[in-house]
Amino acid sequence: MRHWNNYVLCGMVLAGLMLLGCSGATDGPQRYEVSGSATYKGEPIPFGRILLEPDATQGNTGPGSVAEIKNGWYVTRPNSGHTGGSFRVTIMGTDGSRPASADVDNSLFPPYQTSIVLPEQSSQHDFDVPLQ
């Protein structure tokens with residue numbers, strides 16, 4: 001149940017990112033794709049999501065981006081990638097099963113947060129969520 005509060009918070013962050021520019025429109029700043037592996041305790045994360053939020057404290061005020069994790073691999077959505085610079089990253093992962101009810105939590109770990117600096121070009125970045 002404690003993870004649901006985190007998912008609500010991450011849902012609000014995701015909604016904010018969408019309002020900031022994840023519309024997929026082709027106008028606006030140049031977008032770049034980022035992809036890579038996503039693991040937890042050295043194993044592929046079956047299903048999840050990666051949120052890239054521009055880090056304004058580091059001078060990045062560009063749009064955010066979202067990537068789905070499937071079988072330990074992620075890639076940002078077409079025309080909705082990052083613009084380069086510093087990002088705060090939130091990673092959520094589940095076991096990939098469908099919960100039997102709203103009270104069942106299938107998350108592998110609480111939302112994990114880190115930060116990265118991405119180049120102004122398409123690139124690969126691997127994430128390994130540490131044991132929490």
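Let's start with a working term: a residue is buried if its relative accessible area is under 20%, exposed if it is over 50%, and partly exposed in between (1.4 Å probe, protein chains only). R49, at 27% relative accessibility, therefore counts as partly exposed.

First, some ground rules. What you have is a predicted model, where local features need pLDDT of at least 70 and side-chain atom pairs count only at pLDDT 80 or more, while totals for chains, interfaces and linings use all residues. Residues are numbered from 1 along each chain as its sequence is written, and side-chain values use heavy atoms, with hydrogens and water left out.

Now the overall layout. The chain has 1 helix and 9 strands, where helices (H or I, at least four residues) and strands (E, at least two) are DSSP runs numbered from the N terminus. Going along the sequence, the order is α-β-β-β-β-β-β-β-β-β. Of the 132 residues, 41% count as buried. The accessible surface, worked out by the Shrake-Rupley method with a 1.4 Å probe (for residues, only the protein chains shown count as cover), comes to about 7400 Å² for the chain, and carbon and sulfur atoms hold 52% of that. As for contacts, meaning heavy atoms within 4.5 Å, look at those with a separation of 6 or more: 71% of them are between residues 24 or more positions apart.

Next, the inside. A nonpolar core here is a set of buried Ala, Val, Leu, Ile, Met, Phe, Trp, Tyr and Cys residues joined through side-chain atoms within 4.5 Å. The largest one has 18 residues, and I45, I50, L52, Y74 and I91 touch the most other members. Two or more residues each come from β1 (34-40), β3 (47-54), β4 (65-70), β6 (85-94), β7 (112-118) and β9 (127-129). Click on I91 and you'll find that, leaving out residues up to four places away in sequence, its contacts are I45, R49, I50, I69, F109, P110, P111, Y112, F127 and V129.

Beyond its neighbours within four places in sequence, G48 is in contact with A67, E68, I69, M92 and G93.

What about charged pairs? A search of the whole structure turns up 3 salt bridges, each a side-chain nitrogen of Lys or Arg within 4 Å of a carboxyl oxygen of Asp or Glu. One of them joins the side chains of R49 and E68 (2.7 Å, N to O). R49 is in strand β3 and E68 in strand β4, so this pair ties together parts 19 residues apart in sequence. E68 also meets R77 in a salt bridge (3.1 Å, N to O), and R77 is partly exposed at 34% relative accessibility. Because the bridges share partners, R49, E68 and R77 form one network. Another salt bridge links E53 and R88, whose closest N and O atoms are 3.1 Å apart. Here E53 belongs to strand β3 and R88 to strand β6, so the pair ties together parts that are 35 residues apart in sequence. E53 is partly exposed at 26% relative accessibility, and so is R88, at 38%.

Now over to β5 (73-76). In a regular strand the side chains alternate between the two faces of the sheet. In β5, Y74 and T76 make up the covered face, whereas W73 and V75 are on the uncovered one. Strands count as paired if DSSP finds at least two bridges between them. β5 pairs with β1 in the antiparallel sense over 3 bridges, with G36 standing opposite Y74. On β4, 4 bridges make an antiparallel link to β5, and I69 has Y74 as its bridge partner.

Finally, the turns. The hairpin of β4 and β5 has 2 residues between the strands, and in it N71 takes a positive phi near 55°. N71 counts as exposed, at 67% relative accessibility. In the loop between β5 and β6 you'll find N79, which has a positive phi of about 60° although it is not a glycine. N79 is partly exposed, with a relative accessible area of 47%.
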